[in-house]
Every structure is written in C-alpha cells, then in structure tokens.
Amino acid sequence: MARKRNTGTEAKIKAAFTQLLKEKGFDAMTVSDIARIAGINRGTFYMHYMDKYDLRQQLLDNAIFDLRRILTSNVGAPVPLPAPGQHASVLDVITPQATLQALLYIRADAAFFDAISQSGQNLKMYNDTKETLKHVLEERAKALGIHPSLGSIPPEYSGEIVVSGVTSIIWMWVKRGFKESPEEITKYIEISKRLSPMALMR
C-alpha cells in the first residue's frame with residue numbers, strides 16, 4: 001500500500017477524527033461532525049475519503065505503513081552475537097535503534113494512538129502491529145540468512161512468543177498514557193528479549 005500524502009486538509013481531518021473518537025466514539029461520530037471540527041465542508045471531506053470508515057482504515061493503514069518503514073529502515077545493521085551458551089533472540093534482527101524510532105513515532109502522534117487504544121479499534125491496531133513486527137522479523141531474518149529462536153523452541157513459535165510480548169509492552173505503554181520515555185520502553189523490550197518464556201512468568 002502506498003502511503004497517502006498527508007496534506008494540510010488531511011491533517012485537520014485526522015485531528016478532528018482523533019478528537020471525536022475520544023469524545024463520542026466512532027459509531028456516534030458523523031462526517032458532518034468531522035467536517036465541522038476540521039473547519040471544512042462535507043464536499044472537501046469527500047474529495048479525500050469515501051466515508052468515515054474509509055477515513056479510519058486509511059489512518060490505521062498509514063500508521064502501520066510508517067511503523068513498518070521505520071522498523072526496516074536500518075536493515076543493514078549488524079545482528080548482535082549472543083554470549084557463549086546463549087541463543088540469539090528472535091528479535092535481535094530488529095535493532096534497538098529501530099525499536100526506539102518506532103516508539104518515538106508513536107509518541108509523536110500520541111493523541112491518535114491514545115484515542116485508538118481506548119476505542120473499539122484497539123484490538124485491530126494491536127493485531128496489525130503484531131503482524132507487522134512478525135513480517136519484519138521474518139523478512140529481516142531471511143535477508144540475513146539466520147534462523148533465530150528461543151532455546152529449543154522452533155523459530156515459528158519463538159517469533160509468536162516474542163512478538164506478542166513486545167506488542168503488549170508497546171500497547172500497555174500507550175494505554176498508560178506514555179508515562180515512561182521511549183528510551184525506557186526500548187530498554188524494557190531489550191530486557192524482555194533476553195528472557196526465556198518461563199522467566200517472564202516468574
């Protein structure tokens with residue numbers, strides 16, 4: 001999917017959508033509401049989007065597109081070697097720098113992600129983020145010619161365990177109102193990548 005160019009009008013529409021999502025919820029908002037708060041007429045809205053459902057989908061798609069671009073931006077970065085006796089974590093193929101940039105992107109658009117996290121779209125965004133992480137992981141591991149895992153757990157299951165954990169950390173951070181810095185969350189994610197599934201449950 002090619003990312004839609006974010007014009008000034010589209011930015012106003014997004015801001016209006018975000019405000020209404022927090023105040024009224026998606027089901028209750030109308031195109032007229034969005035246009036009024038954005039300071040445009042309905043005709044202008046329909047020049048950019050078919051309806052509020054198309055608007056919502058494009059905003060979600062754009063966010064996922066951006067996160068995917070950020071996470072693959074430094075594909076050539078070296079993969080850290082595991083210490084003796086340790087296995088390479090499945091998310092070693094995504095560098096801490098890329099993780100931090102993704103978190104900075106999310107915090108920069110905090111109002112939108114906060115509104116999404118408290119709406120009925122929370123699960124969809126969570127699943128889309130998880131699938132994006134999984135695809136980036138698979139593509140990057142393949143490009144580097146490695147098959148990272150968690151101990152004796154096969155890569156497919158290892159990937160699911162770690163990607164679910166990382167996604168949960170990110171969405172808890174969003175739902176808690178970005179209380180910690182992106183740098184702190186990156187550190188937590190890096191620590192979690194070094195723990196076995198059983199250690200995470202202790």
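A residue is called buried when its relative accessible area is under 20%, exposed when this is over 50%, and partly exposed in between (1.4 Å probe, protein chains only). The structure is a predicted model, in which local features need pLDDT of at least 70 and side-chain atom pairs count only at pLDDT 80 or more, whereas totals for chains, interfaces and linings use all residues. Residues are numbered from 1 along each chain as its sequence is written, and side-chain values use heavy atoms, with hydrogens and water left out.

Aromatic contacts were considered first. Rings of Phe, Tyr and Trp (for Trp, the six-membered ring) were paired if their centres lie within 6.5 Å; planes under 30 degrees apart count as stacked, over 60 as edge-to-face and the rest as tilted. In one of them, F45 and Y49 are tilted, with 5.6 Å between centres and 45 degrees between planes; both residues are buried. Another pair, F112 with F113, is edge-to-face at 5.5 Å centre to centre and 75 degrees between the planes. F112 and F113 are both buried, and together with Y105 and W171 they form one aromatic cluster.

Charged groups also sit over rings, a contact that requires NZ of Lys or CZ of Arg within 6 Å of the ring centre and within 35 degrees of the ring normal. K14 lies over the face of F112, 4.7 Å from the ring centre. R56 is placed over the face of F26, at 3.8 Å from the ring centre.

Salt bridges (a side-chain nitrogen of Lys or Arg within 4 Å of a carboxyl oxygen of Asp or Glu) number nine in the whole structure. D33 and R36 form one of these, at 3.5 Å from N to O. Both residues belong to helix α2 (residues 31-38), where they are three residues apart, about one turn of the helix; helices here are DSSP runs (H or I, at least four residues), numbered from the N terminus. D33 counts as buried because its relative accessibility is 11%, whereas R36, at 56% relative accessible area, is exposed.

A further salt bridge joins E131 to K134, with the closest N and O atoms 3.8 Å apart. These two residues lie three residues apart in helix α7 (residues 122-144), about one turn of the helix. At 32% relative accessibility, E131 is partly exposed. K134 also forms a salt bridge with E160, the closest N and O atoms being 2.7 Å apart. This pair links distant parts of the chain, 26 residues apart: K134 is in helix α7 and E160 in helix α8 (residues 155-175). E160 is partly exposed, at 28% relative accessible area. Through shared partners, salt bridges join K130, E131, K134 and E160 into one network.
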